[in-house]
Amino acid sequence: QVQLVESGGGLVQPGGSLRLSCAASGMIFGIGNMGWYRQAPGKERELVADISSGGSTKYADSVKGRFTISGDNAKSTVYLQMNNLKPEDTAIYYCNAYVKLGIGVFTNYWGQGTQVTVSS
């Protein structure tokens, strides 16, 4: 059984910082792309950032220059450093990963979500 376990969410004031972590565990033979999505109340889930196994990154326009995604393939972990947070960043943040379960077999998994609230 593969699990993605997230941590690092919380309440922060505007302009503050948070660092999210997501670790994959279980019978894993490798990791493909990993990423972070978020869903605010009444809105659809959207991509925040993702990173390939080779280290290529992609960001939503709304977070460019403020958020940084990084990964540790050896630990099957992805991080999201969030700086200069704004109230509109308030959402549940979900980790997503393509996990290699065997030769040529990748399956997509989601974490349980972690709440990020930006408020004074």
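Strand 1 and strand 3 are paired in the antiparallel sense over five bridges; two strands pair if DSSP finds at least two bridges between them, and strands (E, at least two residues) are DSSP runs numbered from the N terminus. This is a predicted model, in which local features need pLDDT of at least 70 and side-chain atom pairs count only at pLDDT 80 or more, while totals for chains, interfaces and linings use all residues. Residues are numbered from 1 along each chain as its sequence is written, and side-chain values use heavy atoms, with hydrogens and water left out.

- Four strands form an open sheet with antiparallel pairing, in the order 1-3-8-7.
- At its edges are strand 1 (3-7) and strand 7 (67-72), each of which pairs on one side only.
- From one strand to the next, the twist averages 15°, where axes are lines fitted to C-alpha atoms and angles run from 0 to 180 degrees between N-to-C directions.
- Within this sheet, Leu4 stands opposite Ala24 in strand 3.

**Ser21 in strand 3**

- Ser21 belongs to strand 3, which covers residues 18-25.
- Ser21 counts as buried because its relative accessibility is 18%; buried means under 20% relative accessible area, exposed over 50%, and partly exposed in between (1.4 Å probe, protein chains only).
- Apart from neighbours within four places in sequence, Ser21 is in contact with Val5, Glu6, Ser7, Trp36, Val78 and Tyr79, contact meaning heavy atoms within 4.5 Å.

**Ile28 in the loop between strands 3 and 4**

- Ile28 is placed in the loop between strand 3 and strand 4.
- Because its relative accessibility is 22%, Ile28 counts as partly exposed.
- Not counting residues up to four places away in sequence, Ile28 touches Val2, Ser76, Val99 and Lys100.
- Ile28 and Glu46 are 18 residues apart along the chain, and their C-alpha atoms are separated by 26 Å.

**Pairings of strand 9**

- Strand 9 (residues 91-102) pairs with strand 4 (residues 30-39) in the antiparallel sense over eight bridges, and Lys100 in strand 9 is the bridge partner of Gly30.
- Lys100 is also one of the residues that Ile28 touches.
- With strand 10 (residues 105-110), strand 9 pairs in the antiparallel sense over six bridges; Trp110 in strand 10 is the bridge partner of Asn96.
- Strands 9 and 10 form a hairpin with two residues between them, and Gly104 in the turn has a positive phi of about 70°.
- Strand 9 also pairs with strand 11 (residues 114-118) in the antiparallel sense, over three bridges, and Gln115 in strand 11 is the bridge partner of Ile92.
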